[in-house]
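Hello,

Here is the structure I said I would pass on.

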Amino acid sequence: MQIQAVDTLAIFVRSVNIETISPLIGDCMSLGFNLLQQEDPDPDLARAVFKMFASISGVMKEGFADYLPTVCKHIHGTIVSSEGLILGPDLDDDEVGFSFFGDDEKEEKPASSITADNAYVDAKEDAMDTIGLIATHCPLAFTTLSEGKFFDTLLEMVAHFHSDVKRAAIRNIPNIILASKNEHDSQEMVRRSVPAMLQVCKEEKDRMVILSVLESLAELIKDTNKNFYINYSNGLLELVKITLEQRLPCQNYEDDSTENDIVAEQSEYDVVIVENAGDLLPDIVKIIGAEKFVTYLPWYLPILVTKAKHTKSEASRSFGTATMAEIVKNMGKHVVPFKDTFFESFMRNMHDTDSDEVRSNACFGIGVLAEGCGEDLYPVYPNIMKKLSDLLAMGEVNEHCLDNLCAAVSRMIYSGGHRLPLRDVIPPLLICLPLREDREELVTIYKCFTYLLEHQPQIAETYFPTMLEITAKHIINPNLTEDLSNREFLVFLTSRYPVAFDKNLGSMSPETGQALQSCLASVET
C-alpha cells in the first residue's frame with residue numbers, strides 16, 4: 001500500500017494548482033526521506049519516492065533547492081549502488097566486472113557473468129530519470145550543487161552492462177548538460193559525452209540503446225552551440241552513413257529470433273533508428289556548413305532518393321522526402337549541383353495519392369529547392385506551378401499539405417516572381433490562405449507579401465485588403481496567434497502604408513479589426 005500511496009501523492013502534486021499543494025510539500029518531502037531511510041528499503045518504494053520528488057521539483061522549480069542536497073544524496077546512492085547484482089559462479093564479490101566509481105585499475109570481467117535483479121535495475125532507471133527532471137525543473141540550483149558529479153556518474157553508467165541502465169543514462173545526459181548555463185562547462189560535457197555515445201553505436205546490439213543515443217545526440221545538437229560538434233562531425237557523418245546502410249551492430253539479424261512477432265517489433269525499431277539517424281543530417285549541414293557538406297551529400301543522396309520511391313513503404317517515402325527537404329533548406333545556394341535529383345524526387349512525390357504526409361513533405365521540398373536554387377530553377381517553374389495547380393484541382397484537403405503548397409508558391413514568388421504570371425498566380429494563393437497550422441511558414445507568407453508590395457506594387461496593392469484579412473485570421477488562429485511574424489508584418493504595413501492600413505481597417509468586421517489592433521497594441525507595450 002505504501003507504494004500506491006506515494007504514487008498517488010506524486011499524481012496529486014502534478015495535478016493540482018501550486019496554491020493548493022504548497023502547504024503539503026514539506027510533509028511530502030519528509031515522508032519521502034523517512035521511507036528512503038528505512039533499513040533495507042524496497043527498491044520499488046524508492047522508485048515511487050523518486051517520482052514524487054520529480055513531481056515536487058516540477059511544482060517548486062528553483063524553490064526545490066533546500067531539498068536538493070538530501071534528494072541528490074539518496075538518488076546518487078541508488079545510481080551507483082551494486083545492490084541487487086547477481087554474480088556468476090566464476091566471480092566473487094571482489095571481481096565485479098565493472099566499476100561504478102571509475103576505478104581504472106580494476107580489471108574488467110566479462111559482463112555475461114553478471115546479472116541484476118530487475119527491481120534494482122528499475123530503481124536505477126527511475127533515479128536517473130528523476131535527476132534528469134530535477135536538472136530541467138531547477139537548473140540553477142542543481143548545477144550549483146552538483147558541480148558535475150551527476151554528469152560524471154551518468155557518463156560511467158553509459159558503460160554499464162545492463163542495457164536499461166545504459167539507456168537511462170544516455171537519455172538523461174542531455175538534461176544535465178542543458179541545465180548548465182556556463183558555455184565552457186557545457187562544451188566540456190559535450191566533449192566527453194559525444195565520443196562515448198558514438199562508441200556505443202559501434203558496439204551496442206540493443207536497438208533501444210541506439211535509439212536513445214540518436215535521440216540524445218539530436219537533442220544536444222538542437223539545443224546547444226553547434227560549434228561544439230565541429231570536431232565530431234566526421235564521427236556523426238559516419239554514424240548516419242552506416243545506419244542508413246544498415247551496418248550498425250544492432251542492425252545485424254544473425255542472432256535475432258525468428259518468431260514473427262519479435263521480428264516485426266525489431267523491424268519497427270529498425271525503421272525508427274534509420275529515421276532518427278537521418279534526422280541528424282540537416283543539423284550536420286549547419287555544423288560543418290553547406291559548402292563543406294556538398295562533398296558528403298553524394299554519400300547519402302542515393303539512399304534517400306531510394307527510400308522516397310513509390311515502391312517503398314509510406315514511412316520510408318515520408319522519411320526520405322522530409323530529410324531531403326530539410327537538407328535542401330539548410331544548403332541554400334549550394335544545393336544547385338544536385339537540383340535535378342531533388343527536383344525529380346519532389347515532383348514525383350507531390351502526387352503521392354496514398355499519403356498526405358509524403359505530398360506535404362514534397363511540397364515543402366520543392367519550395368525550399370526553388371528558394372535555394374533561385375534562377376537555376378527558373379526553367380522548370382512552369383512544371384512546378386502545373387503540379388501545384390493539379391494538386392488543388394484534385395481537391396487537396398490536407399491542411400498541412402495546403403500550408404506547404406502555399407509556402408512553396410510564396411517562395412517561388414519572392415525568389416523569381418518576375419518569371420511567374422503573377423496576375424494568375426496571386427489570386428489562387430490568396431484563396432488558399434490563411435495558413436491553418438504551420439506557424440513556421442508564417443515568415444514565408446509575409447516575406448512573399450512584402451516582396452509583392454515592394455516590387456510589384458501595381459499588382460499587390462489591389463490585394464492589400466485581402467492580405468490584411470489573412471493576417472487577422474492568422475492572429476485569431478490559436479495555432480498561429482502568438483507568432484512574432486504577425487506583429488512584425490503589421491508593423492511593416494503601418495509604417496510603410498499607413499493610409500491604406502487605416503482605410504482598410506475601418507471597413508473590416510469588428511472581430512477582424514480588434515484582432516489587428518490588439519496585435520499592434522502588444523507591440524507598443
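A residue is called buried when its relative accessible area is under 20%, exposed when it is over 50%, and partly exposed in between. Please keep in mind that this is a predicted model.

Helix α16 covers residues 314-331. Buried residues in α16 include S316, R317, S318, F319, G320 and T321. Further along α16, T323, M324, A325, I327, V328 and M331 are buried as well. As background, an α-helix has 3.6 residues a turn, so residues three or four places apart point the same way. After α16 comes G332, with a positive phi near 60 degrees.

Next, the backbone in the loops. Most residues other than glycine have a negative phi, and most peptide bonds are trans.

- K61 is not a glycine, yet its phi is positive, about 55 degrees. K61 sits in the loop between α3 (43-60) and α4 (68-80), and with a relative accessible area of 40% it is partly exposed.
- Q246, also not a glycine, has a positive phi of about 65 degrees. The loop that holds Q246 runs between α11 (233-244) and α12 (260-278). Q246 has a relative accessible area of 34%, so it counts as partly exposed.
- The peptide bond between L433 and P434 is cis, with omega about 10 degrees. P434 belongs to the loop between α21 (422-432) and α22 (442-455).

Last, the cysteines. How many disulfides does the structure hold? It holds zero. A disulfide is a covalent bond between the sulfur atoms of two cysteines, and the cut-off used here is a pair of cysteine sulfur atoms within 2.5 Å. For C201, the closest cysteine sulfur is in C250, at 7.7 Å, which is too far for a bond. C201 has 1% relative accessibility and therefore counts as buried. C373 is in no disulfide either: the nearest cysteine sulfur, that of C363, is 17 Å away. C373, at 5% relative accessibility, also counts as buried.

Regards

Terms used. Residues numbered from 1 in each chain as written. Predicted model: local features only at pLDDT ≥ 70, side-chain atom pairs only at ≥ 80, totals over all residues. Heavy atoms only, no water. Helix = DSSP H or I, 4+ residues; strand = E, 2+ residues; numbered from the N terminus. Buried < 20%, exposed > 50% of the residue type's maximum accessible area, 1.4 Å probe, protein only. Expected span 1.5 Å × (residues − 1).
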